[in-house]
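Subject: Structure handover

Hello,

Here is the structure I promised to pass on. Please open it first; my notes follow below.

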Amino acid sequence: MNKQVISSVLSLILAASAQAETVFVTLEKDNALALIDPVEGELIKTVEIGQRPRGIVVSPDNKVLYIAVSDDNTVKMIDAETLKEIGTLPSSDDPETFALNPKGDRLYVSNEDDSMVTVIDIAKKKVIKQIKVGVEPEGITVSPDNRWVISASETTNMLHWIDAKTNEIVENTLVDARPRAVTFTADSKFAWATSEMGSTLTIVDANTKQILKRITFEIQGVAKDKVQPVGVVIDKESKLGYVALGPANRVAVVNAQTYEVEKYLLVGQRVWNLAFSPDQKRLYTTNGVSNDISIIDLDSQTVTKSVGVGNFPWGVAVKP
Amino acid sequence: MSVSFIVLQLAVPNFLFAKTTKKGNLDIKIAYLMQIQKVRPPLSNLDPIVENKGVFGAELAIEDNNTTGEYTKQTFSLEKFIVPAEGDVAEVFNKNIAKKFAFVVTNLAPDITNKVADLDAAKDILLFDAATVDDALRNKDCRANVLHLLPSRAMRTDALAQYLMKKRWTKWFLVVGATEEDKRYAEAIKRSAKKFNMKIVQEKPWEHTFDARRTAQSDVAVFTQIDEDYDVLVVADEQGQFGEYLDYRTWIPRPVIGTQGLVATSWHRTHEQWGATQIQNRFKEKAGRWMEEQDYGAYLAVRSIGEAATRTKSNELKPIKDYLLSDPFALQGYKGTPLSFRPWDNQLRQPVLLAAPRSLVAVAPIEGFLHPKTELDTLGYDQPETGCQWSKAHE
C-alpha cells in the first residue's frame with residue numbers, strides 16, 4: 001500500500017519534471033543505462049541494465065525501450081517509465097545493433113559473429129527468420145514506408161536490401177570500406193550510409209539501388225584517417241543530415257538537397273551515435289572516449305552543452 | 001633423389017571455391033608461396049609450436065573476398081605452394097607460379113623474398129610479403145614488385161620508443177642476442193632511441209648459454225649489474241632464446257621490453273578493439289588457434305587484392321597495383337584507422353600494438369606524436385629518410 005503511494009507519487013514527480021524529453025544512453029563499460037534531462041543538461045540517474053549494453057531503440061508508442069545487451073546475448077525489453085525489465089527477445093549471439101519497423105512489431109537484429117540478420121516477431125517473442133548476409137553485419141535500418149530493411153556488412157562492404165515482406169535479399173549495393181550505419185530519408189526515397197574506413201557518406205537511390213552521390217569530409221587540421229563516419233540521422237523535412245565523424249570529434253552538417261557539407265560542429269571525443277529530440281530542435285551525440293554526450297542546438301547549429309554520463313557511452317534514444 | 005622440392009596443393013574444403021569457374025564471373029587467382037622455416041625448439045613447452053603460420057589467414061581473407069565477390073561477380077581463389085626447408089623456392093616459382101598468377105602472397109625469409117622478386121618471371125607479378133620485418137627490404141634492398149604487409153623493425157621500435165617517451169622511461173639498457181636478426185633489431189632500437197631522444201646507457205651482448213632455465217637466476221642477476229642506472233631493459237632476442245628469462249631476475253627492479261616483455265607487434269591475442277574480437281573469433285573457429293602475425297599479414301595481403309579488385313573491377317596487375325598505391329585505397333585492418341601503402345617503400349602503414357602477454361598496453365602511434373600527413377607515418381621510415389630508390393632497385 002505504502003509502496004504504491006510512493007511509486008505513484010514518484011511517477012507524478014517524474015512526469016512533472018519530464019516535461020521535456022528523457023535521453024537514454026547505453027554505457028558499454030558500465031553495464032548501465034544513463035538517463036539525462038537534456039533541457040537542464042543534467043544526468044538524472046544511472047541504472048544497471050545487463051552485460052555490455054549497446055544498441056537502444058524506443059518503441060513507436062514510447063512505452064518500451066529495446067536494449068541489446070551484447071554479452072548476455074539478448075535484446076531486453078525495458079518499461080520506459082519504471083525501467084523494469086518486462087521481457088527478453090531471442091536475438092541470437094552478440095546482438096549489437098538492431099532496428100524496429102515503423103509499426104513496432106518487428107525487430108531486425110545484426111548478428112555480427114554469425115553474418116546473420118535475425119527477424120523477430122515482438123508480440124510472440126519469436127524468431128521468424130534468419131537471413132544470411134555479408135561478413136560482420138552492423139548498421140541496420142527499416143525504411144519509413146516499411147518496404148526495405150537495409151543491413152550493412154562491414155567486411156563485405158555491402159548494403160543488403162532485404163524485402164520486408166519476404167525477408168529475402170533482393171539487391172546489394174557496394175559502398176566504401178567498412179560501412180557502419182545506414183538510415184533513410186523520411187520519404188523512404190534515399191538511403192544514407194556511412195563508411196568508417198572509406199571516410200565517406202554514400203547516398204543511394206532506393207528505387208534503383210544505385211549510388212547517387214559519394215560525400216567526403218575535409219576538415220582543416222584533421223588528418224584524413226581520423227575522419228571515420230559512423231552514426232547518421234536526417235531531419236524529417238530532409239533538409240539537413242548529420243554525420244558523426246568518430247575520432248575527428250566532429251559532427252558534419254550535410255545539406256540533404258544539395259549534398260554539400262555545410263558545417264562541422266566540434267563535439268566530444270570519438271563521437272559515435274546520434275539522436276534527435278522529438279521536436280528536432282536538438283541533436284544528442286554519444287562520445288565514446290570523453291565519456292559524455294554533446295547537446296547541439298539545431299536552430300543556431302551550436303554545441304550548447306556536454307553532460308558526463310559514464311564509461312563508454314554507445315547508443316542513444318529519446319523519449320518525449 | 002633428384003626431387004629437391006615438394007609442392008603441396010592443399011584441398012580447400014570451402015563451398016565457395018566450388019564456384020571458381022562460375023560463368024561470367026571474373027576470376028582472381030592468388031598464389032600463396034611459403035617455405036617451411038627451420039625453427040629452434042621452443043624455450044619451454046608452454047606454447048605449442050604453430051605450423052603453417054599464414055595459411056589460415058590467407059584462406060580466411062579469400063572467404064571474406066568471396067562474400068563481396070558473390071555480389072560483384074568476382075571469384076577469388078587461392079593455390080598454395082609449400083616448399084620444404086631444403087627446397088628450391090625459385091624452381092617452384094618458375095615452374096608453378098610464373099605466367100599463371102599475377103598476385104603472389106609470400107611467406108619467405110628476407111633473402112629468398114628478394115631472390116624471388118628478382119627472377120625474370122616475377123617481372124609481371126606483384127608479391128605480397130606477409131612475413132619479413134627487415135628494414136633493408138624497405139630501404140636499400142627494396143623491390144618495386146614487392147609490397148610489405150607486416151610492420152618493419154623500425155616501425156616496431158618507434159612504437160616502443162613513443163610509449164617509453166610518454167612514460168618518460170628514457171634510459172635504456174640494451175641486451176643483444178647472438179643472431180643476425182638480433183643485431184638488426186638492436187640497430188632499429190638504436191635508430192629509434194636517436195629519433196626520440198632516448199639514451200642507451202649501455203649495450204651488452206648476451207653471451208651466456210641458452211639453457212637459461214637452469215642458470216637464469218644467477219646469470220641474469222650478474223649480467224644486469226651495470227654501472228649506470230636505467231629505466232628499462234630492452235632485449236633483442238627475436239627467436240626467444242633467452243629473453244623470457246630476464247624479467248624478475250634483473251639486479252635492480254626494471255621492466256623488460258623489446259622482443260620479450262612488452263612487445264611491439266602487428267597482431268596479438270589480447271587485441272579486441274575496433275571489431276578485432278570478430279576476426280579473432282572467426283579465425284579461431286577456422287584454425288583452432290590464435291591468429292599469428294603471419295596470418296594477419298597474409299589476411300591483409302589477400303584482402304588488399306580483394307579491395308582493389310572490387311573497386312577496379314579488374315583482375316589484372318596494372319590497374320590493381322595502381323589502385324593499391326593510390327590515395328582512395330583504404331584497407332580495413334581492425335585497428336581503428338584505414339591502412340594504406342607508403343608509395344616510397346611499399347610498406348603498409350598501420351598502427352602497432354604494444355602488448356604484454358595478457359594485456360594490450362597501448363596502440364602506437366601514441367597520442368601526441370604528430371605528423372603533417374598521417375600520424376601513422378611517425379612510425380618507421382618516413383618519405384624524407386627513405387633509402388629506397390626504385391630506379392636503383394631495378395639495377
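**Sheets in chain A**

A:Val117 has A:Ile131 of E11(A) as its bridge partner.

The surrounding sheet is open and has four strands, ordered E8-E9-E10-E11 (chain A), with antiparallel pairing. Which strands stand at the edges? They are strand E8 (95-100) and strand E11 (126-132) of chain A. Each has a single partner strand, so one side of each has no neighbour in the sheet. From one strand to the next, the twist averages 25°.

There is another open sheet in chain A. Its four strands follow the order E20-E21-E22-E23, and the pairing is antiparallel. Here strand E20 (232-234) and strand E23 (261-266) of chain A take the edges. Each pairs with a single strand, so one side of each is left without a neighbour in the sheet. The twist averages 20° from one strand to the next.

Going through this sheet pair by pair:

- E20(A) and strand E21 (residues 240-244) of chain A run antiparallel and are joined by three bridges. A:Val233 is opposite A:Tyr242 in E21(A).
- E21(A) and strand E22 (residues 250-255) of chain A run antiparallel, with five bridges. A:Ala244 is opposite A:Val251 in E22(A). The two strands form a hairpin with five residues between them. In the turn, A:Gly246 has a positive phi of about 55°.
- E22(A) and E23(A) are also antiparallel, joined by five bridges. A:Ala252 has A:Tyr264 as its bridge partner in E23(A). This pair forms a hairpin too, with five residues between the strands. A:Tyr259 in the turn has a positive phi of about 65°.

On annotation, UniProt lists "domain: YNCE-like beta-propeller" for residues 72-140 of chain A, in an unreviewed entry. In the model that span is 58% strand and 0% helix. Its end C-alpha atoms lie 20 Å apart.

**Chain B**

UniProt also has an annotation here, again from an unreviewed entry: "domain: Leucine-binding protein" covers residues 91-205 of chain B. Over those residues the chain is 40% helix and 22% strand. The end C-alpha atoms are 39 Å apart.

One helix pair is worth a look. Two packed helices are described by the angle between their axes and the distance between the axes. For helix H2 (residues 89-97) and helix H3 (residues 110-117) of chain B, the angle is about 35° and the axes are 10 Å apart. H2(B) passes H3(B) in a right-handed crossing. On the H2(B) side, B:Val89, B:Ala90 and B:Phe93 make the contact. On the H3(B) side, B:Ile112, B:Lys115 and B:Val116 do. By class, this contact has five nonpolar residues, one charged and no polar.

**Where the chains meet**

How many residues does the contact take from each chain? It takes 18 residues from chain B and 19 residues from chain A. On the chain B side, helix H1 (55-72), helix H7 (276-287) and helix H8 (293-312) each supply at least two residues. H1(B) gives the most, with five residues. The chain B side divides into 10 polar, four nonpolar and four charged residues.

**Backbone points to check**

Most residues other than glycine have a negative phi, and most peptide bonds are trans. These spots depart from that:

- A:Asn73 is not a glycine, yet has a positive phi of about 55°. A:Asn73 lies in the loop between strand E5 (64-69) and strand E6 (74-79) of chain A.
- B:Ala364 and B:Pro365 are joined by a cis peptide bond, with omega about 5°. B:Pro365 sits in the loop between strand E14 (359-364) and helix H10 (390-393) of chain B.

**Confidence**

The model scores ipTM 0.79 and pTM 0.87. Chain B has a mean pLDDT of 90, and 90% of its residues reach 70 or more. Its residues 1-20 stay under 50. The model has 29 contacts beyond four places in sequence for that stretch. Where pLDDT is low, the predicted coordinates should not be read in detail.

Best wishes

Notes
Residues numbered from 1 in each chain as written. Chains lettered and ligands numbered in written order. Predicted model: local features only at pLDDT ≥ 70, side-chain atom pairs only at ≥ 80, totals over all residues. Contact = placed C-beta atoms within 7 Å. Nonpolar A, V, L, I, M, F, W, Y, C, P; charged D, E, K, R; others polar. pLDDT = per-residue confidence, 0-100. UniProt positions renumbered as here; feature names shortened; annotations may be inferred. Axes fitted to C-alpha atoms, helices over the stretch in contact; angles between N-to-C directions. Left-handed = near helix turned anticlockwise from the far one by under 90°. Pairing = 2+ DSSP bridges.
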